[in-house]
Structures are given as C-alpha cells and as structure tokens.
Amino acid sequence: MTDTPPVALYVHWPFCVTKCPYCDFNSHVRETVDQAAWQAALLADLAFEAARLPGRRLASIFFGGGTPSLMPPATVAAIIDAACQHWTPEPDLEITLEANPSSVEASRFAGFASAGVNRLSLGVQALDDAALKLLGRPHDVAAALAALDVAQATFGRVSFDLIYDRPGMTRESWQAELSRALGFGTTHLSLYQLTIEPGTRFAALHARGQLVMPDDDTSADLFAMTQAITAAAGVPAYEISNHAAPGMQSRHNLTYWRYGDYAGIGPGAHGRREGVATLRRKKPEPWLAGVNESGHGMESETSLTVAERTTEALVMGLRLAEGLDAARFVARSGTALADAVKPDAVARLVEQGLLISDSRGLRLTAAGWPLANAVLAEIVR
C-alpha cells in the first residue's frame, strides 16, 4: 500500500488597504474588520475541511490574499495551531505568509515569526518609484527595501514578487532592475509578466488606448532574458513565473502544480480534496454569514470526472520545469499520461523542439515554455 501524500492548507484573507488597478484577485477594501469574528470563522471553516481529510499529514500552510500581513499575528498563530491539531505536521512544515512592504506591516513581522511563519512572500512588484505609482502600490522603493531587510533578518526563507513587461519597459531597463533584485540574495523570486485582466481598471485604460503595453517581440525577449539572467544567478525557473535556488522552491505551490490535495478556507478559496473541487463563497460578508449559519463557507463541492482531473493535472504540471512525471500523473489523475495526450500532436511538438517526451514523462523545452498555453491546446485529448 502506498503512503498517502500530505495535504497543503491555503488560507485566504480577503482584505486590502487599496485595490491595485491590475488586480483581479478576490480582494476587498473595508474600513473596519471584526478581527475576533474573522478568527472564529476561519477556525470553523478549517475544522469543517479537516474533518473531510482526516488522518493526513500537513506539508504546508499558505496565507494568501488580499493582504494577509493585515491579519493580527494572534489569528495567524491560532490557525497554525489548529491546523497542527487537525493534521500531523511534517517535520519541515513550510508556513508562508504574503505581505506588503509598508512600515506598519513590517512592524508585525516578528509577531508572525513567533506565530510560526517561517517563509515570507513580499509584494515588492517593482524597483522603480514611477512604476510602483503606475501599479497603484502604496509603497515606494525605499519602503520595499526596508521591509525586505526586516524580512531577511526575521525569516529563514524570503521570496519577493516583481511585475515586468510593464508599459514603457525596455530590455535594458528590465535587465538593470532584475540584476538589482538578484543582488539582494533572496533564494526565491516570483517574476510575473503584467497581463491585462478583464474587469480591472487597467483593462478599461487599455481599451481606451491610455495604457500601451510592450509589443509581442519585446515581451518574448523580456521572458527569455528573465530565464537566462536568473539561471546564471543560480535561481533558475522551476515554474513559468517562479525561480528558486536549489531546494528553495515553494513546497506549497508545488502541491498545486503536481496536482496534490489541498484544503482551501476563507472567502473565495479553492481546494482539491481527493477528486472533489471545493469553492468557498467569494465575498467576505456572505462567506462570514455562511460560516455563522452552517459552520463553513462552502459555495460548492463538485466531484471531478476522470477527464476533468486529467485536464487539470496536465494544465498544472506542464508549467513546471520538471514537467509531468508519468507515475505521479496516473496516481493523481486516474489516467495514464500516454492516454491523456494526443500522440500525433506530441510527436509533432517534439519534432519542433517544443516538448520532450521520454520514459519519465513529458515536459516543455526552453523554446516551448513561453508557448505553454498553445502547446496544451494542441496535446489535450
């Protein structure tokens, strides 16, 4: 009998100080938050989910948002303690919290560390004050670097985000910014190309011609540069937008990409529980009301078909540098990898130098990575 793999826990804190113009995440601005009510509700939602995944080991906890660094450290501590009571924590349990680099939030870092957080993900987003203003960020570069200093002095593992491929960005400006970022010595970087998401303020500006994005050739060059520069610095990409030193990958996010089980609690949180897709109510107030009425914030629980699981496992796994492991794929999706893809399409894409197919599994080449979506569309049965 094979050992059941551990689970991951995602906790969504939906509140932000401001709404960024590029953001389509489930985030909301509220003048006041009843912290005691929210702590109680998150603990109840957690208990409901844990009862449906009994007897499992816990590999990671991720506090995302929104802006989880607005949470009281006592709430973070209570959730961590409860999760470790519901499940058996792995000896190297990874506990990540996303934070914004304001001085108010940085002042809480020691409290989060005392609560058990051992990995901080800092939303720097740019090392240029004009770009930060464009992105609607409430901090400047000086505040970001001050927060990074505090984070690196407080946590054993620190990651930070940058958004590139921004309006007006050139190859030279990104090379300089990325090289500066790599000089800070963090072992993990999340580097995202700016995308125009429907329903955001940037989408409206873009539609009116008031936000001009780099052309396709520039975007492709910026992506290729990013891969080359980070690899040379010893923090290569292990996923399309995520880069890490050896052994420093986000174990929590690897659970998603390897199609493992994860519990998702809090407003709008998704989960995957032994072939069941879970979704919490999206808006904060209805979620809170649901927990108070029925002990959970569930919007829906949907049993996924084998075909649906197979497609999801393909979509997630092909984003990784390691690609799709054939043995893991069949264990997680219920379908052999060879049966999940179109062999003729795979053979053609291998011939074109976009895919590698061997006894271990299937993975994109460096040339195929920026074309991941197109490759997926070709190979999925």
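A polar contact here is a pair of N or O atoms within 3.5 Å; within protein, one must be able to donate a hydrogen and the other to accept it, and residues adjacent in sequence count only if both atoms are side-chain atoms. The model you are looking at is predicted, so local features need pLDDT of at least 70 and side-chain atom pairs pLDDT 80 or more, while totals for chains, interfaces and linings use all residues. Residues are numbered from 1 along each chain as its sequence is written, and side-chain values use heavy atoms, leaving out hydrogens and water.

Let's start with His139. Its side chain reaches the backbone oxygen of Val124 at 3.0 Å. His139 sits in the loop between helix H5 (129–134) and helix H6 (141–154), helices being DSSP runs of H or I with at least four residues, numbered from the N terminus. Setting aside residues up to four places away in sequence, His139 touches Pro101, Gly123, Val124, Leu132 and Ala144, where contact means heavy atoms within 4.5 Å.

The table compares burial, with buried meaning under 20% relative accessible area, exposed over 50% and partly exposed in between (1.4 Å probe, protein chains only).

| Residue | Relative accessible area | Class |
|---|---|---|
| His139 | 8% | buried |
| Cys16 | 15% | buried |
| Cys84 | 24% | partly exposed |

Now for the interior. A nonpolar core joins buried Ala, Val, Leu, Ile, Met, Phe, Trp, Tyr and Cys residues through side-chain atoms within 4.5 Å. The largest has 95 residues, and Leu9, Ile61, Phe63, Trp87 and Ile379 have the most contacts inside it. Helix H2 (residues 73–86) gives this core its largest share, six residues.

Terms used: Helices (H or I, at least four residues) and strands (E, at least two) are DSSP runs, numbered from the N terminus.
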